[in-house]
Amino acid sequence: MGTVHARSLDPLPMQGPELGVQADDMDLGEPEHEEKQEVLENKDVVVQHVHIDGLGRTKEDILTYEIADVFRAKNLIDVMKKSHEARQRLLRLGIFRHVEVVIDTAEGADALPNGLDVKFEVKELRRMTGSYNTMVGNNEGSMVLGLKLPNVFGRAEKLTFQFSYGTKETSYGLSFFKPQPGHFERNFSINLYKVTGQFPWSSLRETDRGVSTEFSFPIWRTNHTLKWEGVWRELGCLARTASIAVREESGHSLKSSLSHTMVIDTRNSTILPRKGALLKINQELAGYTGGDVSFLKEDFEIQLNKTLFWDSVLSTSLWGGMLLPLGHKPSCIADRFYLGGPTSVRGFSMYSIGPQSEGDYLGGEAYWAGGLHLYTPLPFRPGRGGFGDLFRTHFFLNAGNLCNLNYGEGPRAHLSKLAECIRWSYGAGIVLRLGNIARLELNYCIPMGVQSGDRICDGVQFGAGIRFL
Amino acid sequence: MSLAAEAFVSQIAAAEPWPENATLYQPLKEDQILLSDSASSLAVQTFLRMCGLPVLVSCRANAEYMSPSGKVPFIHVGNQVVSELGPIVQFTKAKGHSLSDGLDDVQRAEMKAYMELVNNMLLTAELYIQWCDDHTATEISRPRYSSPYSWPLNHILAYQKQWEVRRKMNAIGWSGKSLEQVYEDVSQCCQALSQRLGTQPYFFSKQPTELDALVFGHLFTILTTQLTNDELAEKVKSYTNLLSFCHRIEQTYFKEHERESQSGSSRHSKGSLP
């Protein structure tokens with residue numbers, strides 16, 4: 001919470017003899033205490049000055065928005081509350097290492113008798129912070145270098161750069177973020193990146209070099225993001241034994257797309273929430289701002305959580321999406337949806353559900369997936385209050401389907417196609433929460449409704465990730 | 001692939017007969033394919049015709065990237081993918097079709113030597129003229145190579161290919177040569193081929209071999225492709241026995257309706273032989 005120092009007000013001479021305390025009164029402590037309480041609540045105060053000490057490169061105009069509210073406080077409790085809020089707002093700008101608040105009586109020539117000075121003592125973050133890691137995994141070792149420049153030009157802009165040099169692939173990303181002064185939730189960012197990925201379930205290798213700009217702004221209770229993205233995609237086969245369907249997708253293509261995302265998130269936490277709901281709807285239109293690929297893509301994500309008796313949480317989620325290729329070319333394998341794996345329908349191998357050719361999974365143009373989870377604390381609650389709170393047991397039921405659509409048929413045919421041959425699974429496992437970003441799962445799964453061509457992983461399955469069904 | 005795996009794969013390949021739906025992939029004929037790729041593709045097609053093996057020609061904009069070695073053409077037979085003439089000859093041999101069985105060891109060594117000559121001289125000269133000669137590169141090669149892609153990807157890919165070819169020319173020492181010297185080299189290569197051919201119908205008397213297919217592929221394409229000037233074609237035309245050699249093979253293997261699709265009406269190719 002931070003420290004808020006408040007020196008006591010000197011008693012005003014106007015009040016009269018009731019405030020006076022007799023020196024030889026036996027109950028010196030209590031009456032004094034009661035009177036001080038009275039003083040704090042009833043006293044009208046005026047905030048005369050608000051200072052911010054410790055500024056270096058930060059420009060003052062963006063800070064005035066955050067601290068403006070403090071001037072409106074009417075009594076001391078209000079001042080303390082509003083200073084606390086202002087402190088939170090200053091911290092969320094991401095440019096200060098810590099912020100301390102000092103409330104003092106007003107001093108100086110124009111000081112009113114009931115005037116207050118509020119001072120924020122801030123310490124700015126360093127101009128540049130760097131990090132260096134090495135990562136090993138999947139037959140590849142890489143060196144990752146990260147650079148972060150918070151508050152580059154003084155108005156809470158942030159520049160981050162990450163570079164990863166590996167034995168097989170090299171990738172990098174450069175990102176510039178700028179919030180609107182006074183409205184931190186309205187911001188825009190520009191990203192430049194090159195990422196490479198290997199997808200053994202499709203025998204595919206993908207290299208993306210792209211640039212994107214996005215604007216975020218809140219409207220009422222929802223958060224909207226508008227983004228333009230231009231990506232040069234290079235696809236290749238991972239192995240000589242890749243199927244001809246995947247080999248045909250090799251080569252270069254350019255995607256230029258506009259997308260819009262709307263998010264309403266009332267959950268109390270992103271990982272293992274106890275209550276609240278999430279609704280996320282995303283549209284992407286590619287091809288009308290240049291590029292080779294042309295499609296309209298819709299996908300949505302819904303999650304509802306409710307705490308039940310005995311500290312357990314019931315959570316349901318539903319995902320779905322549809323890809324509609326515009327023009328004459330068929331959809332590209334890099335745009336299609338994939339289903340299956342420890343982060344989506346558990347019990348199946350990673351992205352190994354749906355249309356496939358010679359063992360390579362090609363993805364589909366429409367999908368849906370649903371999950372029903374019951375999270376409970378570990379049985380007998382070991383390590384309660386500490387480490388044990390990071391773990392949860394969960395019982396789950398997952399279902400989903402993925403297929404390609406023949407757009408000559410009507411929507412009724414599409415719905416019936418998605419409803420037949422549903423893959424589903426059930427089981428139980430343990431979930432470990434990693435910070436506020438990721439989670440690890442170890443589950444025992446029983447897959448059902450398996451169609452020919454799907455690859456299953458029944459029995460124990462391990463999963464790590466950020467977004468789980 | 002390891003040696004053991006390759007041997008295993010060729011064993012499996014040998015067991016299966018040549019399927020009906022074997023496909024050959026090359027870049028788009030009308031707008032994209034360049035002289036060197038067209039020559040290589042024609043050589044493979046001629047070879048397969050000489051063996052009597054049916055193959056469908058499929059034109060794809062991304063044929064170069066689909067190929068396992070990055071070079072066109074490549075054939076898809078059964079579930080095997082093989083690219084370039086050398087490996088394709090070996091692949092068909094494993095299936096029991098070969099044109100050079102009748103040759104003795106000396107002749108086979110000679111054939112290999114002449115094939116190397118064609119690859120090192122003619123093919124490299126074609127690449128040089130296409131990508132290292134600025135005029136040809138700007139007028140023909142870059143626009144054609146990048147035609148299936150949209151801006152700015154077309155420029156990026158075209159320049160990338162040009163730098164790659166120029167680096168290769170540097171590595172083999174051709175970057176110092178002038179265009180005139182390259183034409184001289186082509187002329188000398190044609191002279192050597194002409195001398196070897198003499199008055200015979202094919203390079204090794206009565207029966208065609210893969211050398212005939214390779215030479216035909218390159219010479220025919222040079223004669224029927226329109227570049228910025230006609231000098232390259234003229235160099236070849238000055239050897240009359242090579243000219244009649246090309247006519248003969250065209251008549252024998254590309255007659256009937258195939259002739260129209262082969263030397264079709266594209267801006268790049270001039271159609272049949274002059």
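Me: What does A:Arg92 count as, going by relative accessibility?
Reply: At 29% relative accessibility, A:Arg92 counts as partly exposed. Buried means under 20% relative accessible area, exposed means over 50%, and partly exposed is in between (1.4 Å probe, protein chains only).

Me: What kind of model is this, and how are things numbered?
Reply: This is a predicted model: local features need pLDDT of at least 70, side-chain atom pairs count only at pLDDT 80 or more, and totals for chains, interfaces and linings use all residues. Residues are numbered from 1 along each chain as its sequence is written, chains are lettered from A and ligands numbered from 1 in the order in which they are written, and side-chain values use heavy atoms, with hydrogens and water left out.

Me: What is the mean pLDDT of chain A?
Reply: The mean is 85, and 90% of the residues of chain A reach 70 or more. pLDDT is the predictor's confidence in each residue, from 0 to 100.

Me: Where does pLDDT stay under 50 in chain A?
Reply: Over residues 6–33. For that stretch the model has 16 contacts beyond four places in sequence. Contact means heavy atoms within 4.5 Å.

Me: Back to A:Arg92. Which side chain meets A:Arg92 in a salt bridge?
Reply: A:Glu66 does, at 3.3 Å from N to O. The pair links distant parts of the chain, 26 residues apart: A:Arg92 is in helix α3 (residues 76–92) and A:Glu66 in helix α2 (residues 60–67), both of chain A. Helices (H or I, at least four residues) and strands (E, at least two) are DSSP runs, numbered from the N terminus. A salt bridge is a side-chain nitrogen of Lys or Arg within 4 Å of a carboxyl oxygen of Asp or Glu.

Me: And A:Glu66, buried or exposed?
Reply: Buried, with a relative accessible area of 3%.

Me: What about A:Asp78 and A:Lys82: how many residues apart are they?
Reply: 4 residues apart in helix α3 of chain A, about one turn of the helix. A:Asp78 is buried at 19%, and A:Lys82 is buried at 18%.

Me: Which strands hold A:Lys255 and A:Glu284?
Reply: First, the pair itself: their side chains meet in a salt bridge, 2.8 Å from N to O. A:Lys255 is in strand β12 (residues 251–265) and A:Glu284 in strand β13 (residues 276–291) of chain A, 29 residues apart. A:Lys255 is buried at 9%. A:Glu284 is buried at 9%.

Me: Which residues do salt bridges that share partners join into one network?
Reply: A:Glu66, A:Arg89, A:Arg92 and A:Glu185.

Me: New topic. What does the domain assignment of chain B give?
Reply: Domain 1 (3–94) and domain 2 (105–260). Domain bounds come from an automatic or database domain assignment. The C-alpha centres of these two domains of chain B lie 19 Å apart.

Me: How much area do domain 1 and domain 2 of chain B bury between them?
Reply: About 2,400 Å², with 66% of it on carbon and sulfur atoms. B:Leu35, B:Arg49 and B:Met50 supply 29% of the area that domain 1 of chain B buries against domain 2, more than any other three residues. Buried area is the accessible area (1.4 Å probe) that two parts lose on being put together, summed over both.

Me: How many salt bridges cross that interface between domain 1 and domain 2 of chain B?
Reply: The rule finds 1.

Me: And between chain B and chain A, what is the buried area?
Reply: About 1,400 Å², of which carbon and sulfur atoms give 61%. There, 19 residues of chain B are in contact with 13 residues of chain A. The rule finds 1 salt bridge across this interface of chain B and chain A. B:Arg60 and A:Glu248 meet in a salt bridge, 3.3 Å from N to O.
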